[in-house]
Amino acid sequence: MAQIDDLVLFTQVIEHGSFSKVAEINKITKSVVSKRISKLENELGVQLIYRTTRKLTLTEPGSVLFHRAKEIKQVAQSAFDAVTGYSEALSGNIRVSVPTISGELLLAEALSDFCQSHPGLTVEMSMDNHFVDLVADNFDLVIRTGYLEDSSLIARHIFNSRWMICTSPKYIEQFGEPTTPKGLLHHNCLGYTQQSTGPFDWLFIRNSNETYTLKLSGNFASDNAAALKKAALKGNGIAYLPTCLIYDELQRGDLVEVLPKHSGKVVGIYAVYPYTKKPSKRIQALIEHIRERYMGIKERF
C-alpha cells in the first residue's frame, strides 16, 4: 500500500512542477524524489506523471490521485496544527462568543476547565445567539451554528447538531399525533425565528437522503429555543428543537419525539476566527478542547 509520505511528496512535485525544487525543500536528492514517485506508480500500477525535459504533466489517474492526496495533506496538517499548542505553556486572554444553548449546556464548563488546565491563560465568554463582529467587538473566537457567509473569516467545523420534532404526551392525548409531515398542517406548530428560512418553514427528509421544506403555522414563535421548549412542555404545540436542549426531557418522558423518520434538520457547529495564515496556538488548543467536549457527549447532540 502506498505510504502517505509518498503521496504528500507527489502533491509537492505537482504543486511546484519540479523534482529539483521538491528535493531542495525536503533536503533530499532529486534521484530520491524520482525513485519515490516511480515506486508510488509501481505500487498503484498506473503512470501518474508524463515527464519531459521541460515540464511535468499529470495523467488522468494522476489527476485523480493529486486532488485526493491534497485532501489527505490538508487533513494531516490540520491535525498537526490542532495539537502544536499543547507542547508549550499557553498564556494571555481569549475573548469568546458562544450561542446561549451551547454555552449553558456545555461550553461554560468546557472553557472553565480549559483555564484550569492552563494557569497562565484567561477566557472571557459572552453568550449571544446573533453573529457578532469579531474585529469590531474584539473577539478572538466565535462558536456558531449554520452557514458562514463572510469570506474574511475562517470557519472550522466542530460538530453536527441533530434536531428533533417533539411535543408533550399531554398535547398528543388532546390533539393526536401526526403520522406524516403534512399531518402537521393540522397542528399548532411552534416557530423558531432564528431560522434563515423562516420560523415555520420546517425541514424534512424523504427517500433516505432527499430534503425538502414544508411551510407550517402556529400561534407562537420565538428567537429563543428554550422558550419553545417550555411551550411544548406545557402542551401548547409541537416544536422542532436541538436534541441537546431536550435530551433530558426525552429521557424522562416529559417530551416525546414526533415523526422521527422524517426529521432532517442537522445544523453544523463551527469555530470561527479572523482570516490569518494560521491561528495562534492558544486558539488552536481551545478549538480542539471544545471539539473533544462535543465528541464526549455526542449522544446528546
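Partly exposed residues sit between the buried class, under 20% relative accessible area, and the exposed class, over 50%. Keep that in mind for these exercises on a predicted model.

**Exercise 1. Find the distance between Arg 156 and Glu 288, then classify both residues by accessibility.**

Step 1: Start with the pair. Arg 156 and Glu 288 make a salt bridge, and their closest N and O atoms are 3.1 Å apart.

Step 2: Classify. Arg 156 has 21% relative accessibility, so it counts as partly exposed. Glu 288, at 8%, is buried.

**Exercise 2. Work out which elements the Arg 51 and Glu 41 salt bridge ties together.**

Step 1: The two side chains meet at 3.3 Å, N to O.

Step 2: Arg 51 is in strand β1 (residues 49–51) and Glu 41 is in helix α3 (residues 30–44), so the bridge links parts ten residues apart in sequence.

Step 3: Now the accessibility. Arg 51 is partly exposed at 36%, while Glu 41 is buried at 10%.

**Exercise 3. Is each partner in the Asp 201 and Lys 215 pair buried or exposed?**

Step 1: Check the contact. The closest N and O atoms of this salt bridge lie 3.1 Å apart.

Step 2: Locate the partners. Asp 201 is in strand β8 (residues 201–206) and Lys 215 in strand β9 (residues 210–215), so the pair joins parts that are 14 residues apart in sequence.

Step 3: Apply the cut-offs. Asp 201 has 15% relative accessibility and is buried; Lys 215 has 58% and is exposed.

Step 4: For the whole model, the count is 14 salt bridges.

**Exercise 4. Describe the largest nonpolar core and the surroundings of Trp 202.**

Step 1: Begin with the general idea. In soluble globular proteins, nonpolar side chains tend to be buried together.

Step 2: Get the core's size. The largest one holds 57 residues, and Leu 141, Ile 143, Trp 202, Ile 290 and Tyr 294 have the most contacts inside it. Helix α5 (residues 100–117) is its top contributor, giving seven residues.

Step 3: Zoom in on Trp 202. Leaving aside neighbours within four places in sequence, its contacts include Ile 165, Leu 184, Tyr 212, Leu 214 and Ile 238.

Step 4: Look elsewhere. A separate core of 15 residues includes Leu 7, Val 22, Ile 37 and Ala 69.

Technical notes:
Residues are numbered from 1 along each chain as its sequence is written. This is a predicted model: local features need pLDDT of at least 70, side-chain atom pairs count only at pLDDT 80 or more; totals for chains, interfaces and linings use all residues. Side-chain values use heavy atoms; hydrogens and water are left out. A salt bridge is a side-chain nitrogen of Lys or Arg within 4 Å of a carboxyl oxygen of Asp or Glu. Helices (H or I, at least four residues) and strands (E, at least two) are DSSP runs, numbered from the N terminus. Buried means under 20% relative accessible area, exposed over 50%, partly exposed in between (1.4 Å probe, protein chains only). A nonpolar core is a set of buried Ala, Val, Leu, Ile, Met, Phe, Trp, Tyr and Cys residues joined through side-chain atoms within 4.5 Å. Contact means heavy atoms within 4.5 Å.
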